Amino acid sequence: MTIPTYNYFDGRSRGEVSRLLFAYGGTKYVDTRDPFPMQDALREKTPFGQVPYYVDDEVQIAQSVAIEFYLADKLGLAGSTTAERAQILQYTLLPNDLYGPYFQAFGPQNQEALKKFATETAPRLFTKLEALLVKAGGKHLVNNKLSWADISIFNLLDFFHQQPGNLVEALNGFPVLLAFHKQIGSIPQFVEYLNNRPKTMF
Ligand SMILES: N[C@@H](CCC(=O)N[C@@H](CS)C(=O)NCC(=O)O)C(=O)O
């Protein structure tokens with residue numbers, strides 16, 4: 001099999017869960033980190049004119065969550081029954097529900113909107129997420145074993161840690177989520193990847 005190519009901008013945003021899955025599996029891949037704005041040649045190649053976009057000998061896929069599913073399934077992290085796969089998917093679709101409002105609120109002219117996001121929108125969702133994690137035993141979101149759900153939610157929590165303006169304060173009062181972030185981030189493949197990944201704004 002030739003080395004897969006993963007097209008995304010030089011940022012984390014919608015691209016990072018797949019990079020974490022590559023890191024977890026020790027998979028070699030071409031991480032293009034394309035220039036922004038997107039070049040026409042790339043736009044024409046991708047199914048919907050968007051990145052992320054993944055290509056290997058078998059498939060060409062767009063849509064971040066579809067690419068994540070493909071990588072996670074190959075690693076045995078996408079669930080082994082229909083119920084488990086659906087439970088995992090409910091967590092992996094969740095981050096986009098926060099990224100949308102965050103990017104709408106982000107910007108120097110938008111301090112009030114950003115404050116509302118950090119003190120109301122995000123904590124409302126974190127309250128639910130923390131309760132679900134506690135109910136599941138505190139260590140893993142689905143069936144007491146590492147899955148794509150854990151990696152996706154880790155990355156969401158990590159996004160809050162990385163963003164400027166002390167966005168991480170939105171996680172104050174959520175000790176179980178903070179411990180979970182630490183625990184998943186301590187998996188050796190992630191330690192290595194997180195220590196060495198390019199530092200980017202998003
Ligand atoms: N639902 C898609 C959204 C993809 C998307 O909007 N990607 C942005 C970059 S984050 C994009 O390609 N925008 C087109 C452009 O920049 O021209 C996914 O999750 O992959």
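This is a predicted model: local features need pLDDT of at least 70, side-chain atom pairs count only at pLDDT 80 or more; totals for chains, interfaces and linings use all residues.
Stepping back to the chain as a whole, the domain assignment gives domain 1 (5-77 + 192-196) and domain 2 (82-186). The C-alpha centres of the two domains lie 21 Å apart. Where they touch, domain 1 contributes 11 residues and domain 2 contributes 10 residues. On the domain 1 side of this contact, α1 and α3 each supply at least two residues, and α1 has the largest share, with 5 residues. Sorted by class, that side of domain 1 holds 8 nonpolar and 3 charged residues, but no polar ones.

The next feature to look for is the largest nonpolar core, which has 40 residues. Those that touch the most other members are Leu21, Ala72, Trp148, Ala149, Ile151, Ile153 and Leu177. At least two core residues come from each of α1 (16-25), β3 (53-55), α3 (64-74), α4 (82-92), α6 (111-135), α7 (148-162) and α8 (175-185). Among these contributors, α7 gives the most, with 8 residues. Because domain 1 and domain 2 both give residues to this core, it lies between them. In soluble globular proteins, nonpolar side chains tend to be buried together.

Leaving aside residues up to four places away in sequence, Leu177 touches Phe126, Leu129, Glu130, Leu133, Leu157 and Leu171.

Methods: Residues are numbered from 1 along each chain as its sequence is written. A nonpolar core is a set of buried Ala, Val, Leu, Ile, Met, Phe, Trp, Tyr and Cys residues joined through C-beta atoms within 7 Å. A residue is buried if 20 or more other C-beta atoms lie within 10 Å of its own, exposed if 12 or fewer, and partly exposed in between; C-beta atoms are placed from the backbone. Helices (H or I, at least four residues) and strands (E, at least two) are DSSP runs, numbered from the N terminus. Domain bounds come from an automatic or database domain assignment. Two residues are in contact if their C-beta atoms, placed from the backbone, lie within 7 Å. Ala, Val, Leu, Ile, Met, Phe, Trp, Tyr, Cys and Pro count as nonpolar, Asp, Glu, Lys and Arg as charged, and the others, Gly among them, as polar.
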